[in-house]
Amino acid sequence: MSGGLGGTDRFQDRIDAGQRLADAIAEHDVDADIVLAIPRGGLPLGREVADALELPLDIIVASKIGAPDNPEYAIGAVASDGSAWFNEAAIERVGASDDYLEREREREARNAREKAERYRGERSEPTLAGKTVLVVDDGVATGSTAISAVRLAREKGAERIVVAVPVGPPSTIDDLRAEADEVVCPTTTPAFSAVGQFYENFEQVSDEEAMAYLYEES
């Protein structure tokens, strides 16, 4: 589904985006077993989706690898198990060296692993083998984190993987479709500069707030 979000049609906040994303998932008649949100920003949406679909909520953690002189520009991502996905075109564009990539892969893998452990606490990691999983985030730009999350879920035995995000550029959604079994994205537009432009309120989600969504009872 394509469309535009302009002016007053922007998402009010991540809760609003999550509710609208849940509606879009229902329209696609996705029969999932579990919602896996990408922390931190994906957890408010993941909670809304999980509650609407009456599914359990957990996390799937991947950390983006930023460009040498612009850490916000993702040139890849690494999952909590250490597996990495690199955007070769972006790497060539920014001139990142092999040494830089390996150093950042190790550092971000450690960060992702520590985040997963901190968020779960005493809770055990969910079993994904043979299940249909919904991977949810608050939007995609380059898609590197979402792609790493998909690959991690696949490595853990998920039978079917559906990525659900409220907004993203068409090229990234195409990349995700090549990785996942299905992608639900109610708003795709080539007039895309950043996920935050589609939200009225896109303040950072703290770890404490994100964990509260994870442990909240539906």
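This is a predicted model: local features need pLDDT of at least 70, side-chain atom pairs count only at pLDDT 80 or more; totals for chains, interfaces and linings use all residues.
Trainee: Happy to start with the strands. In what order do the three strands of the open sheet lie?

Mentor: Good place to begin. The order is S3-S4-S5, with antiparallel pairing. Strand S3 (62-67) and strand S5 (84-86) are the edge strands, each pairing on one side only. From one strand to the next, the twist averages 40 degrees.

Trainee: How many bridges join S4 and S5?

Mentor: Strand S4, residues 70-79, pairs with S5 over three bridges in the antiparallel sense. To find your way in the viewer, look for Val-78, which stands opposite Ala-84 in S5.

Trainee: Which strands does helix H4 lie across?

Mentor: Helix H4 (residues 98-120) lies across S3, S4 and S5, and it runs at about 150 degrees to S3. H5 packs on the sheet as well, touching S3, S4 and S5, and its direction makes about 5 degrees with that of S4.

Trainee: Now two helices together. How are two packed helices described?

Mentor: By the angle between their axes and the distance between the axes. Here, take helix H5 (residues 144-155) and helix H6 (residues 170-179): their axes come within 10 Å and cross at roughly 10 degrees. Angles under 35 degrees count as roughly parallel, so H5 and H6 are roughly parallel to each other.

Trainee: Which residues in H5 and H6 meet?

Mentor: On the H5 side, Ala-146, Ile-147, Val-150, Arg-151 and Arg-154; on the H6 side, Asp-175, Leu-176 and Glu-179. The residues of this contact divide into four nonpolar, four charged and no polar.

Methods:
Residues are numbered from 1 along each chain as its sequence is written. Side-chain values use heavy atoms; hydrogens and water are left out. Axes are lines fitted to C-alpha atoms, for helices over the stretch in contact, and angles run from 0 to 180 degrees between N-to-C directions. Helices (H or I, at least four residues) and strands (E, at least two) are DSSP runs, numbered from the N terminus. Angles under 35 degrees count as roughly parallel, over 145 as roughly antiparallel, 65 to 115 as roughly perpendicular and the rest as oblique. Contact means heavy atoms within 4.5 Å. Ala, Val, Leu, Ile, Met, Phe, Trp, Tyr, Cys and Pro count as nonpolar, Asp, Glu, Lys and Arg as charged, and the others, Gly among them, as polar. Two strands pair if DSSP finds at least two bridges between them.
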